[in-house]
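This briefing walks through one protein model, topic by topic, for a reader who is new to structures. Please keep the sequence and the three-dimensional view open while reading.

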Amino acid sequence: MRFFKNPNEKLVDRGRMKYYLGIDLGGTFVKGGVVDENGKIIVSDKTPTEAKKGLERVMDNVARLSETLIAAAKLTKADIGGAGMGVPGMIDSKKGEVVVSNNLDWLHAPVAEMLKERTGLEFKISNDANVAA
């Protein structure tokens with residue numbers, strides 16, 4: 001177990017805390033963050049989407065940002081209790097598929113599967129307007 005001191009000098013067991021990865025896929029930027037189980041933002045960052053370079057490039061960018069965020073939070077993938085992404089367009093959340101996205105020019109894109117292949121994480125996806133904070 002990994003223990004870290006908090007400002008009150010109490011030991012905090014980070015190994016038992018749950019952390020979550022959230023991604024906002026936009027036409028210009030991919031934004032993301034890691035939060036703890038209490039909703040506290042641990043780290044956030046963004047990277048260009050590069051949508052005009054195609055689905056594969058966008059998935060590479062999302063995967064790279066995800067890895068960067070987890071590392072910046074000083075966590076491992078095993079610490080991540082869940083990962084989710086908001087995507088513009090018509091989404092089949094059960095299949096993890098972008099049925100159609102005019103913003104990104106995608107049709108039947110298996111986004112959740114592609115991200116699992118790249119990151120090893122199970123991503124849940126939904127329409128970005130439905131998951132906006």
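Read along the sequence, the elements of this protein follow the pattern β-β-β-β-β-α-β-β-β-β-α-β-α, which amounts to 3 helices and 10 strands. Helices (H or I, at least four residues) and strands (E, at least two) are DSSP runs, numbered from the N terminus. The model is predicted, so that local features need pLDDT of at least 70 and side-chain atom pairs count only at pLDDT 80 or more, while totals for chains, interfaces and linings use all residues. Residues are numbered from 1 along each chain as its sequence is written, and side-chain values use heavy atoms, with hydrogens and water left out.

**Overall figures**

- Of the 133 residues in the protein, 40% are buried, where buried means under 20% relative accessible area, exposed means over 50%, and partly exposed lies in between (1.4 Å probe, protein chains only).
- The protein exposes about 8,000 Å², and carbon and sulfur atoms supply 51% of this area; accessible areas come from the Shrake-Rupley method with a 1.4 Å probe, and for residues only the protein chains shown count as cover.
- Among contacts (heavy atoms within 4.5 Å) between residues at least 6 apart in sequence, 48% join residues at least 24 apart.

**The open sheet and the helices on it**

- An open sheet is formed by 5 strands in the order 5-4-3-6-10, with mixed pairing; two strands pair if DSSP finds at least two bridges between them.
- Strand 5 (41–48) and strand 10 stand at the edges with a single partner strand each, so one side of each is left without a neighbour in the sheet.
- From one strand to the next, the twist averages 15 degrees.
- Helix 1 packs on this sheet and touches strand 3, strand 4, strand 5, strand 6 and strand 10, and its direction makes about 150 degrees with that of strand 5; axes are lines fitted to C-alpha atoms, for helices over the stretch in contact, and angles run from 0 to 180 degrees between N-to-C directions.
- Helix 2 lies across strand 6 and strand 10, and runs at about 145 degrees to strand 10.
- Strand 4 and strand 5 run antiparallel and are joined by 7 bridges, with Lys31 standing opposite Lys46 in strand 5.

- Helix 1 has 18 residues and reaches 26 Å from its first C-alpha to its last, which is close to the 26 Å expected at 1.5 Å a residue; the expected span is 1.5 Å times one less than the number of residues.
- The buried residues of helix 1 include Val58, Met59, Asn61, Val62 and Ala63.
- Lys74, in the loop between helix 1 and strand 6, has a positive phi of about 60 degrees although it is not a glycine, and Lys74 is exposed, with a relative accessible area of 63%.

**The nonpolar core**

- A nonpolar core is a set of buried Ala, Val, Leu, Ile, Met, Phe, Trp, Tyr and Cys residues joined through side-chain atoms within 4.5 Å; the largest one here has 32 residues, of which Met85 and Trp106 touch the most other members.
- At least two residues of this core come from each of several elements, among them strand 3 (19–25), strand 4 (29–36), helix 1 (55–72) and strand 6 (80–87), and helix 1 gives the largest share, with 6 residues.
- Not counting residues up to four places away in sequence, Trp106 touches a set of residues that includes Leu25, Leu55, Val58, Met59, Val87 and Val111.
- In soluble globular proteins, nonpolar side chains tend to be buried together.

- Strand 7 (residues 90–92) and strand 8 run antiparallel and are joined by 3 bridges, and the bridge partner of Met90 in strand 8 is Val100.
- These two strands form a hairpin with 4 residues between them, and Gly96 in the turn has a positive phi of about 70 degrees.
- Strand 8 (residues 97–101) is mostly covered, since 4 of its 5 residues are buried.
- Strand 8 also pairs with strand 9 in the antiparallel sense over 3 bridges, where Val100 stands opposite Leu107.
- The hairpin of strand 8 and strand 9 has 4 residues between them, and Asp105 in the turn has a positive phi of about 60 degrees.
- His108, found in strand 9, has a positive phi of about 50 degrees although it is not a glycine, and His108 counts as partly exposed at 47% relative accessibility.
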